[in-house]
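Hi everyone, thanks for coming. I'd like to walk you through one structure today, a few places at a time.

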Amino acid sequence: MRTFAVVLVAFAALTACSSGDEPAKTPSSSKPSSAPKPSSNAAAASLDPCKLLPAAAVSKALFLDNLQAVAGPVQDNAANGGKARSCEYQLNGKAAGALAVTRYEGRQAKPADMVASIKKAKAGAQDVAGFPDGAVFYVDEQKTATLASAELVSGTPVLVNYTGPAKMTAEQMAPLVKAALDAS
């Protein structure tokens with residue numbers, strides 16, 4: 001179950017932005033979070049989901065005690081340049097959700113375009129308010145719920161998504177994704 005959930009999260013992150021549509025080449029300057037953060041490309045390369053969203057924050061948001069954060073496998077996709085890292089949050093060895101962070105080094109994509117691409121690719125996807133570059137929420141065929149958003153980190157497009165059981169709502173997931181985005 002653990003491996004399946006982590007692989008599912010990483011797969012969703014890697015395939016979400018791999019459509020044939022090439023996003024525009026210039027970053028959006030009208031949104032504050034689209035501006036590159038003042039650090040080197042090493043910042044984008046070192047995004048660790050378990051550090052961006054500690055288990056204590058997930059425990060608090062889900063009203064669960066003693067969640068543990070476990071790093072997932074590295075999932076890189078040469079076809080679209082995605083480099084995904086994930087963190088699974090477990091309660092007594094059972095998955096309570098996972099955070100995936102996928103960076104697209106060498107691509108010039110607008111975060112809002114990345115989110116729009118996910119919405120287009122996922123049936124029933126809904127916009128989620130409160131994210132400068134947009135966010136989308138959907139429940140997929142595997143009965144998992146996902147909330148995804150994107151931003152630029154040191155000029156590198158980065159997709160952040162939290163995936164959990166289908167009973168989770170966008171309202172429950174939004175603070176988790178926002179916390180990870182704020183920490184990146």
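Let me start with how the elements are named: helices (H or I, at least four residues) and strands (E, at least two) are DSSP runs, numbered from the N terminus. Please also keep in mind that this is a predicted model.

With that naming, go to the loop between β6 (135-139) and β7 (144-153), where you will find K143. As background, most residues other than glycine have a negative phi. K143 has a relative accessible area of 60%, and the cut-off for exposed is over 50%, so K143 counts as exposed.

Now move on to T144, which lies in strand β7. Is T144 buried or exposed? Its relative accessibility is 13%, and therefore T144 counts as buried. The T144 side chain also has a partner: it makes a polar contact with the side chain of D140, at 2.9 Å.

There is another residue with a positive phi to show you. N92 is not a glycine either, yet its phi is about 55 degrees. You can find N92 in the loop between β3 and β4 (94-104). Its relative accessibility is 74%, so N92 is exposed.

Next, the cysteines. How many disulfides does a search of the whole structure find? The search gives 1. C50 and C87 form it, with their sulfur atoms 2.0 Å apart. This pair links distant parts of the chain: C50 belongs to helix α3 (residues 49-52) and C87 to strand β3 (residues 82-91), and the two are 37 residues apart. As for handedness, the torsion about the S-S bond of C50 and C87 is about 105 degrees, so this disulfide is right-handed. Both C50 and C87 are buried.

Last stop: helix α5, residues 111-121. Which residues are buried there? They are P111, M114, V115, S117 and I118. Around the axis they cover an arc of only 155 degrees, which puts them on the same side of α5.

Key: Residues numbered from 1 in each chain as written. Predicted model: local features only at pLDDT ≥ 70, side-chain atom pairs only at ≥ 80, totals over all residues. Heavy atoms only, no water. Buried < 20%, exposed > 50% of the residue type's maximum accessible area, 1.4 Å probe, protein only. Arc of directions from axis to C-beta. Disulfide = S-S within 2.5 Å. Polar contact = N/O pair within 3.5 Å; in protein donor to acceptor, adjacent residues only side chain to side chain.
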